[in-house]
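Let's take a walk through a protein model together. Have the sequence and the 3D view open, and find each spot as we go.

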Amino acid sequence: MRSVLITPLRAIGHIPVFLVMAFEIFTSPFTCWRAFPPDIRDDTASLWINRIQLMLDGRGEMRLGQWGSGGRWMEHPGKSPTSIIFDQGLSVIGKIGGRPHGTFILWGTEYGPGPIRNGRPAMQESPQDSLRYHPYIVYRDDTTRGHYSQWPRDLGAPIDDRGSPAILGDAMVWSVANGLDTVNTRSGIRAPHPRLPVEVRQAAFARAGTACDSVAVLANTVFFEWTIIAKGDSTIEDASLAFWTDIDIGDAWWDAPAFDSTGQFGYCLEMQPDAGAAVGYAILAGPVLRRKGDTALFLGKMRAGYG
């Protein structure tokens, strides 16, 4: 089941654009359990601290787990986990000099790993650091687990006032990718098109939860936060963000998409008689752009001149 959410922006200059989205699965109660596997595998990190497990790579999309999809939901002991999402990702579209440009995710990604350095993709400018261009996972209550001691602040990873990782939620996966790399990509888009010189920093985070939290919203929710930085010499006009997701709840043929215009969120229902889940997405905070006289919350701090 395929869905696309498009958010219009204004022009993007050399300023970050900030977007927050919540991903939630609606479920029914079941017996308590908690058991999490290793969270790092090659260039993929497993965000799994509540009832949702997502396999996230360093290029803005999901990577297939051994169960055959990028995300799954833990229903109850004795029953196999349910696949919920095959893949998803954020695309950026805009015009430079009146000509459309874009970097897309659609059953593959056009983003290359790492940031933009000196106007070039990281894999071209600093190939000696290629092993560092992967997703980083950290935990709020355990500094010995994950990548706490390897936190890549020089790649743009967020830090707090003490210089330590600025962790959102109880577990967070952070990565940075760029739209200039045309070599180290794997895309489902076949038509040739010019890419956007943008750097996309993604933070996926969640609150801890067990099956005991069957009625708790945060036990069944994952949050995504993106910071998009234009690093070219020209302003990107008429920019838009398109969030694409391929929701597959169990057997995808039984999935039915819908949109709640009152609550402003999209979701997908499994329509089989014994179905027990629905996957939904909602935007919690839109882009933060320059706006004279306004003040906006950006990366945990109030910034004047933005709205």
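First, some ground rules: residues are numbered from 1 along each chain as its sequence is written, and side-chain values use heavy atoms, with hydrogens and water left out. This is a predicted model, where local features need pLDDT of at least 70 and side-chain atom pairs count only at pLDDT 80 or more, while totals for chains, interfaces and linings use all residues.

**Strand β13 and its partners**

Start with β13 (171–178). Strands here are DSSP runs of E with at least two residues, numbered from the N terminus. Is β13 buried or exposed? Eight of its eight residues are buried, so β13 is largely enclosed by the rest of the structure. (Buried means under 20% relative accessible area, exposed over 50%, and partly exposed in between, using a 1.4 Å probe and protein chains only.) In a regular strand the side chains alternate between the two faces of the sheet. You can see this in β13: Ala171, Val173, Ser175 and Ala177 point one way, while Met172, Trp174, Val176 and Asn178 point the other.

Two strands pair if DSSP finds at least two bridges between them.

| Strands | Bridges | Residues facing each other |
|---|---|---|
| β9 and β13 | two bridges | Pro113 and Ala177 |
| β12 and β13 | four bridges | Ile137 and Val173 |
| β13 and β14 | eight bridges | Ser175 and Gln202 |
| β4 and β5 | four bridges | Ser46 and Met55 |

**Rings and charges**

How many aromatic pairs does a search of the whole structure find? There are eight. (Rings of Phe, Tyr and Trp, taking the six-membered ring of Trp, pair if their centres lie within 6.5 Å; planes under 30 degrees apart count as stacked, over 60 as edge-to-face and the rest as tilted.) Trp151 and Trp174 have ring centres 6.2 Å apart and planes at 55 degrees, so this pair is tilted. The pair links distant parts of the chain, as Trp151 is in the loop between β12 and β13 and Trp174 is in β13, 23 residues apart. Trp151 counts as buried at 10% relative accessibility, and Trp174 counts as buried at 3%.

Phe224 and Trp226 are stacked, at 5.8 Å centre to centre with 15 degrees between the planes.

Now look for charges over rings (NZ of Lys or CZ of Arg within 6 Å of the ring centre and within 35 degrees of the ring normal). Arg72 lies over the face of Trp48, 5.5 Å from the ring centre. The charged end of Arg145 sits over the ring of Tyr139, 4.1 Å from its centre.

**The β17–β19 region**

Strand β17 (residues 255–260) runs antiparallel to β18, with six bridges. Pro257 stands opposite Cys268 in β18. Cys268 also has a bridge partner in β19, namely Val279.

Finish at Met271, in the loop between β18 (265–270) and β19 (278–285). Met271 counts as partly exposed, at 48% relative accessibility.
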